Amino acid sequence: MPELPEVEALAGFLTERLVGRTVERVLPAAVSVLKTYDPPLGALDGREVTAVRRYGKFLGLATGDGPHLVFHLARAGWLRWRDTLPDAPPRPGRGPLALRVRLAGGGGFDLTEAGTQKRLAVYCVRDPADVPGIARLGPDPLAPEFTLEVFAGLLSGGRRQLKGVLRDQGVIAGIGNAYSDEILHAARMSPFRLAAGLTEEETAVLYEALGTTLREAVERSRGQAAADLKAEKKTGLRVHGRTGQPCPACGDTIREVSFSDSSLQYCPTCQTGGKPLADRRLSKLLK
């Protein structure tokens, strides 16, 4: 799933190619992709794109005083820029194509989604805050107002584990499964550590690891073509998706904990005092 660094890079990529250009047509190719009906997609036709903005993992295209086109790529979605688009409109239900944005003068982009679980979502709204997922977002970790004091307040209270807190979009916007693993590895903390139990010093360490990990990932992604961002993300990850490989910090073997629809990766030496965490899915199979 694209997370904050990749979506930030996509926002920059689209800003260079869309701002100042006019939308000719927005053509849905999958019935499930469009989550709103008022205003209709046709309200975007003939509008000039004035800005491209990131909201957590959402991307939004502004058209001046007109509607906004907002989309979330979900787990298997992606954006494909095309300098030339076919003249014929897309056929609904054929292949991975979910939606096409055609620009006046030629070119545009496709939103595609692989697999059978169709979660890619597109909204045509008067205000991005009308999108429920945006309305509930927590603060953006790259914003200047995301201070150590704000972060400490988000961690306090309750009995939530660090991995879950970092991934919760209502707490912090934009961090997903991959970068939460990377942040916790950089901070040398267990994903199952209780957030409210951190000392002031540990909170500062985690805050620094969060900011450094995300900013470095954004810098690696900046200027990359949309087609190259997935590969760039994988090459920059130190523990996520690298089960069985040596930890780049200490050389220990990176371990995994599996869940029903996801998994996390960590280094026992760096993060859990040398003790492997119980793989709950495997434990259930052995009972």
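Guide: Start with Pro39, which lies in the loop between strand 1 (23-28) and strand 2 (51-55). Helices (H or I, at least four residues) and strands (E, at least two) are DSSP runs, numbered from the N terminus. The model is predicted: local features need pLDDT of at least 70, side-chain atom pairs count only at pLDDT 80 or more, and totals for chains, interfaces and linings use all residues. Residues are numbered from 1 along each chain as its sequence is written, and side-chain values use heavy atoms, with hydrogens and water left out.

Visitor: What is the peptide bond from Asp38 to Pro39, cis or trans?

Guide: That bond is cis, with omega near 5°. Most peptide bonds are trans, and most residues other than glycine have a negative phi.

Visitor: Which phi does Ala74 have?

Guide: Ala74 has a positive phi of about 55°, although it is not a glycine. Ala74 sits in the loop between strand 4 (68-72) and strand 5 (77-82).

Visitor: Why is Ala74 called buried?

Guide: Buried means under 20% relative accessible area, exposed over 50%, and partly exposed in between (1.4 Å probe, protein chains only). Ala74 has 6% relative accessibility, so Ala74 counts as buried.

Visitor: What makes helix 5 oblique to helix 6?

Guide: The axes of helix 5 (residues 177-187) and helix 6 (residues 200-221) come within 8 Å and cross at roughly 130°. Angles under 35 degrees count as roughly parallel, over 145 as roughly antiparallel, 65 to 115 as roughly perpendicular and the rest as oblique. Therefore helix 5 is oblique to helix 6.

Visitor: Which residues of helix 5 and helix 6 make the contact?

Guide: Contact means heavy atoms within 4.5 Å. Helix 5 brings Tyr179, Glu182, Ile183, Leu184, Ala186 and Ala187. Those of helix 6 include Val205, Leu206 and Ala209.

Visitor: What is found in the loop between helix 5 and helix 6?

Guide: Arg188 lies there. Arg188 has a positive phi of about 60° and is not a glycine.

Visitor: Are Cys247 and Cys250 buried or partly exposed?

Guide: Cys247 has 4% relative accessibility, so Cys247 counts as buried. Cys250 has 37%, so Cys250 counts as partly exposed.

Conventions:
Axes are lines fitted to C-alpha atoms, for helices over the stretch in contact, and angles run from 0 to 180 degrees between N-to-C directions.
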